Amino acid sequence: MVTLNIDDLQEIDKFRNLQLTLRDRWKTSELFDNSEADILIIPSLSIDQGELLKVEGCEHYEERLLFSLMRLRNPRTRLIYVTSMPLHPSIIDYYLQLLPGIPFSHARHRLLLLSTYDASLKPLSQKILERPRLLERIHKALRLDKAFMVCYNSTFWESELSLKLAVPLYAAAPDLQIWGTKSGSRQIFQESDVPLPDGSELVKNCEDLANAAADLWERQPTLQRMVIKLNEGFSGEGNAILDLRQIMDFAPGKADHIHRVAAISDRFLHLRFQSLQETWANFSQRIPELGAIVEAFIEGEIKHSPSVQGRITPNGEVEILSTHDQILGGPDGQIYIGCRFPADANYRCELQELGLRVGKKLAEKGALERFAVDFVTVDKGNGKWDIQAIEINLRKGGTTHPFMTLKLLTNGRYDLSTGLFYSQQGRPKYYIATDNLQKPSYQGLLPNDLMDIIAHHRLHFDSGTETGTVFHLMGCLSQFGKLGLTSIGDSPQEAEDIYNKVIEVLDQETSGDHSDHAIFSDYNFPMTGDGYSC
C-alpha cells in the first residue's frame, strides 16, 4: 500500500476533521432537486501497479466513473472530472445525452473536464499533486463550502490531494484500507460472525506460506485445492490455485509435516495462475512486499459467486445498496468478468443480512462510503445453500458503475424486502453488465464508429421504456477491442436478449464470421431468479 508523509498522526487528524464536514454536504448528491453541490471526481486507480498491469486496457479504466456525469440531472450540481489523458468528446456527449429532462447545453456548462496529459502508469492523484497549476485551477473552480471529492479507491495520495484542496473525501480513510485486504477481510468476517473458508493469517515469505498451507491441509485432510492470494490483488488477478491432487502421497496420514511442507514448496513452481502472464518468479517476489494468505478452495457442482454492495454514510448509517451474481472467468473462475442484477432469489436476502453485519463492523472501525463483500455459494439441495464470505472491497468495483447507472438514469429505489430495484413507475429492473466484452475484430473501432453503430441499430438506452444498453470503457475499444456495457430490461430474459443483441450487431459490423463469439458470452451463468420476495 502507498505510504507518504501524510501518515503523520497530525495530518491524519486534519484529514478526519475535514471529513466531518461531509455530514451536511453528501446529501445533496443524493437528491434530484435544487440543492447545490460541487462534486470533484478523481478516478485514480491508486492500487499496486504490478497487479493493475495484468488488466488489459487498464489505462482507460478511469472512464468507469463516468456514470457520475448523470448526477448533472440535478440542475444545480456542478461536476469536475479529472483524467490522466483527455477523453474523446464523443464519449462525453454520449453520457450527457442520456440525461432525461436536462438540456445538453445546460449539463455541459456545469461540467469541467481537466487532464494531466500524462499517460504514465503513476496513479492519477499523484500526477495531479505533481502539477501545482492544475491543483490551483481545480481549487479555484470549486465552491469549497459546497464541495466534496469522490474517488475509485482511497490511499494516501487521495488524502494528500483532499488536504491540499481543502475538499473532504467521501471514502474510507487510507489507514482503514487494511480492512479491504485479503487478510483484513478475514478478520472482519471473524469479528462479524460471518462464515468464511478456513485459511491462514498474513505471511510475508514463501517458507511461511508453505507451512501455512500444510497446516491448513492438516486441519482439512480432504482438501483437493487451495487458493494462494496476494494480500492486495485486483479483480482476482492476484490469485493462484495450488492443486493438492498432484501431491496426494504427502497428504495428512501419509507423510509427516516436514515432508508435506517440502512437497508444497515444490508445487509452488506449478501454481495455476489466474493471470495468463503471471509466473511464480514474479508472484513470489511480490509476497515480501504485499504479503499473502492461503485459503481452502470451495468445491461444488452448482456454485455461484454473488456479492453484496453497501455504503456507510457520513452519519454512520449502514445501507445495503444491491446484490449481484458475479460472472467469473479465468482458468479456475477467479477473475471478475461481469455481473447480473439482482442475485438469485434463493440467497439474496441472506446476502443482505451478512452484508449488513460486515458494514456495521466496518462502521465501528471508522470506514466510510462504499463497501462490497464477495461470497461463494454452493447448492446443498432441498433449497439449502452454503454461503462463505471471500473478501471485502473498500472501493468502487465492477458492480458499482452498472448499479449507479441504473439508479441515476431512473431515479428508482432498491427494496430490501424483495432485493429488487424498482423504477419510479413501479417496474422491477434487471441488468447484465461487463467490463470485458472483447474481441480482436472490435479493434480499430473509434468512439465515433461505435456511436454510428448504436444509432443505426437503436442500441441506446431508451429513457421512455427505461430499457436498453449503456456503454462504457469506450476508450479501450480501438486499441484493445474491449468494451463495457450495462444491458437493462424489465425481466432477466429481456436484459439477456438486449445484451445478446449488442453482441450480434457488433459481430455483424466488424466481421463476416458470425461463428466467433465474444469473450463475455463464453461464460454461461444461470439466470437470476425473478421472484418478487425474499
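## A walk through the predicted fold

Both faces of strand E8 are covered, with Ala292, Val294 and Ala296 buried on one side and Ile293 and Glu295 buried on the other. Please keep in mind as you look around that this is a predicted model. Strand E8 spans residues 292-296, and because five of its five residues are buried, the strand is largely enclosed by the rest of the structure. Its partner is strand E5 (residues 225-230), which runs antiparallel to E8 and is joined to it by five bridges.

Stepping back for a moment, the chain holds 17 helices and 18 strands. Of its 534 residues, 59% are buried. Among contacts with a separation of 6 or more, 71% are between residues 24 or more positions apart.

**An open parallel sheet**

Now turn to a sheet of four strands. It is open, its strand order is E3-E2-E1-E4, and the pairing is parallel. Strand E3 (111-115) and strand E4 (147-151) are the edge strands, each pairing on one side only. On average, neighbouring strands here are turned by 20° against each other, direction ignored. Strand E1 (residues 37-42) pairs with E4 in the parallel sense over five bridges, and Asp38 has Ala147 in E4 as its bridge partner.

Two helices lie across strands of this sheet. Helix H7 (residues 132-141) lies across E1, strand E2 (77-83) and E3, while helix H8 (residues 156-165) lies across E1 and E4. The table lists their angles, together with that of a helix pair described next.

| Elements | Angle |
|---|---|
| H7 (residues 132-141) and E3 | about 170° |
| H8 (residues 156-165) and E4 | about 165° |
| H4 (residues 89-96) and H15 (residues 447-456) | roughly 35° |

**Where two helices cross**

Two packed helices are described by the angle between their axes and the distance between the axes. For helix H4 and helix H15, the axes come within 8 Å, and the crossing is left-handed. Which residues meet there? From H4 come Ser90, Ile91 and Tyr94, and from H15 come Pro447, Asn448, Met451 and Ile454. By class, this contact has five nonpolar, two polar and no charged residues.

**A helix with a buried side**

Helix H11 (residues 257-267) has Arg260, Val261, Ala263 and Ile264 as its buried residues. They cover an arc of only 165° around the axis, so they sit on the same side of H11. What do these buried residues pack against? They pack against helix H10 (206-219) and strand E6 (239-243). The face of H11 turned away from the buried side carries the exposed residues Ile258 and Asp266.

**A closer look at Tyr414**

Tyr414 is found in strand E14 (residues 413-415). Is Tyr414 buried or exposed? The cut-off for buried is under 20% relative accessible area, and Tyr414 counts as buried because its relative accessibility is 15%. Leaving aside neighbours within four places in sequence, the contacts of Tyr414 include Phe341, Phe403 and Phe421. Lys429 lies 15 residues from Tyr414 along the chain, and the C-alpha atoms of the two are separated by 9.9 Å.

Notes
Residues numbered from 1 in each chain as written. Predicted model: local features only at pLDDT ≥ 70, side-chain atom pairs only at ≥ 80, totals over all residues. Heavy atoms only, no water. Pairing = 2+ DSSP bridges. Axes fitted to C-alpha atoms, helices over the stretch in contact; angles between N-to-C directions. Contact = heavy atoms within 4.5 Å. Buried < 20%, exposed > 50% of the residue type's maximum accessible area, 1.4 Å probe, protein only. Left-handed = near helix turned anticlockwise from the far one by under 90°. Nonpolar A, V, L, I, M, F, W, Y, C, P; charged D, E, K, R; others polar. Arc of directions from axis to C-beta.
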